[in-house]
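Here's a quick briefing for anyone meeting this structure for the first time. Have a look at the sequence and the model, then read on.

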Amino acid sequence: MQQTDDNELIVDFVGGAVGHRFRSGEGRGQALAKAAGLVRGVTPDIVDATAGLGRDAFLLASLGANVTLIERSEKMHALLAAGLERAAAEGGRLAETVARMTLLHGDSSELLPALNPQVVLVDPMHPPRGNTALVKKEMRQIREIVGTDPDAEKLMQVALDVALNRVVLKWPLRAEPMAGIRKPSHQILGKSTRYDVFVKAKITYSGSS
C-alpha cells in the first residue's frame, strides 16, 4: 500500500515492502505459509476471507497457491483490482503470481459455503489497542475504508463449518482468544502476530498441482 500525492491509498504489489519480499524469494518457512499448510510439497487452495490489502494472499500466491480473495468494501475491492491489474502488466513472475489470485466482492459469510475451500484465512480488522501507541496512519486510513469487523465471530464459525482442511485466524500476538470459538489445534507465533490454526483434516493433495 502506498500513498499518492493527494494522500489517496493505492495497493502496490510491485514496489515497497511487498515487492521487496517477493524479489527476495522468502519461502515456505514463513509463519503464514506454515499456518496455511504449505509444507512438504503440498499446496492447498486458499480463500482469504478478509482480503484487505491483499498482502497475505499475494505472498501465498507467490508460493504457488491458488488464492481466492474476498473483500466486502467496494472501495477496497476497487483498490485491490487496480493493484492486481498493475502487477499483471509487469509480466514475468509477478504476472504469474497474480494469475493465481481471484478477487471477489461480497460478504465472506455468504460466499464461503459455495467455494468449498480447502483452507480459509481470516484476518479481522482489530480494534485500536488503547493509547499504548499511535495507530499507523496507513492503518487508520484502511479502517476508515473497511470499518471494523463486528461479525468476525460469525465469519469464523462459517469458516470452521465449511473449510475442508483448516482455518487460520490471524490475530494480535498477545490478544485473548476470539470469544465463542473453540480452542485452536495449534498456534504459530510471529513477532507481533500469531496464527491460530484449526485443523479439520490432513491436506492430502495439492489443489494447485
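Which residues does leucine 164 touch, not counting residues up to four places away in sequence? The answer is Asn116, Pro117, Gln118, Lys200 and Ala201, where touching, or contact, means heavy atoms within 4.5 Å.

This is a predicted model, so local features need pLDDT of at least 70 and side-chain atom pairs count only at pLDDT 80 or more, while totals for chains, interfaces and linings use all residues. Residues are numbered from 1 along each chain as its sequence is written, and side-chain values use heavy atoms, with hydrogens and water left out.

**The big picture**

- The protein chain has 8 helices and 9 strands; these are DSSP runs, numbered from the N terminus, with helices being H or I of at least four residues and strands being E of at least two.
- Of its 209 residues, 47% count as buried, meaning under 20% relative accessible area, while exposed is over 50% and partly exposed is in between (1.4 Å probe, protein chains only).
- Take the contacts with a separation of 6 or more: 66% of them are between residues 24 or more positions apart.

- The average pLDDT for the protein chain is 84, and 77% of the residues score at least 70; pLDDT is the predictor's confidence in each residue, from 0 to 100.
- Residues 1-6 stay under 50 in pLDDT, and the model gives them 21 contacts beyond four places in sequence.
- Residues 131-135 are also below 50, and that stretch has 3 contacts in the model beyond near neighbours in sequence.

**Helix α8 and what covers it**

- Helix α8 spans residues 152-162, and its buried residues are Ala152, Leu155, Met156, Val158, Ala159, Leu160 and Val162.
- The cover over those buried residues includes α6, β6, β7 (166-172) and β9 (193-199).
- Alanine 152, in helix α8, is buried because its relative accessible area is 11%. Setting aside neighbours within four places in sequence, alanine 152 is in contact with Pro124 and Met178.
- Alanine 152 and alanine 179 are 27 residues apart along the chain, with their C-alpha atoms separated by 9.9 Å.
- Serine 108 sits in helix α6 and is buried too, at a relative accessible area of 5%. Its contacts, leaving out residues up to four places away in sequence, are Ala49, Ile70, Pro113 and Leu155; Leu155 is one of the buried residues of α8.

**Around leucine 164**

- Leucine 164 lies in the loop between α8 and β7 and counts as partly exposed because its relative accessibility is 36%.
- The C-alpha atoms of leucine 164 and proline 117 are separated by 6.1 Å, though the two are 47 residues apart along the chain.
- Asparagine 116, one of the residues leucine 164 touches, is in the loop between α6 (108-115) and β6 (119-122).
- Most residues other than glycine have a negative phi. Asparagine 116 has a positive phi of about 50° although it is not a glycine.

**The loops on either side of β8**

- Arginine 174 is in the loop between β7 and β8 (186-189), and it counts as exposed because its relative accessibility is 76%.
- From C-alpha to C-alpha, arginine 174 and leucine 189 are 9.9 Å apart in space and 15 residues apart in sequence.
- Serine 192 is in the loop between β8 and β9 and touches Pro172 and Leu173, not counting residues up to four places away in sequence.
- Serine 192 and tryptophan 171 are 21 residues apart along the chain, and their C-alpha atoms are separated by 8.9 Å.

**The cavity**

- A search of the whole structure turns up 1 cavity of 30 Å³ or more. Here a cavity is a set of points, on a 1 Å grid over the protein atoms alone, where a 1.4 Å probe fits but cannot get out, and lining residues have an atom within 4 Å of a point.
- The largest cavity holds about 50 Å³ of space; grid points are joined across faces, edges and corners, and a volume is the space filled by probe spheres set on the points.
- Lining the largest cavity are Leu169, Pro177, Met178, Ile181, Arg182, Lys183, Pro184, Asp196 and Phe198.

Technical notes:
1 Å grid on protein atoms, 1.4 Å probe; cavity = no way out; pocket = protein on both sides within 12 Å on 5 of 7 lines; lining within 4 Å.
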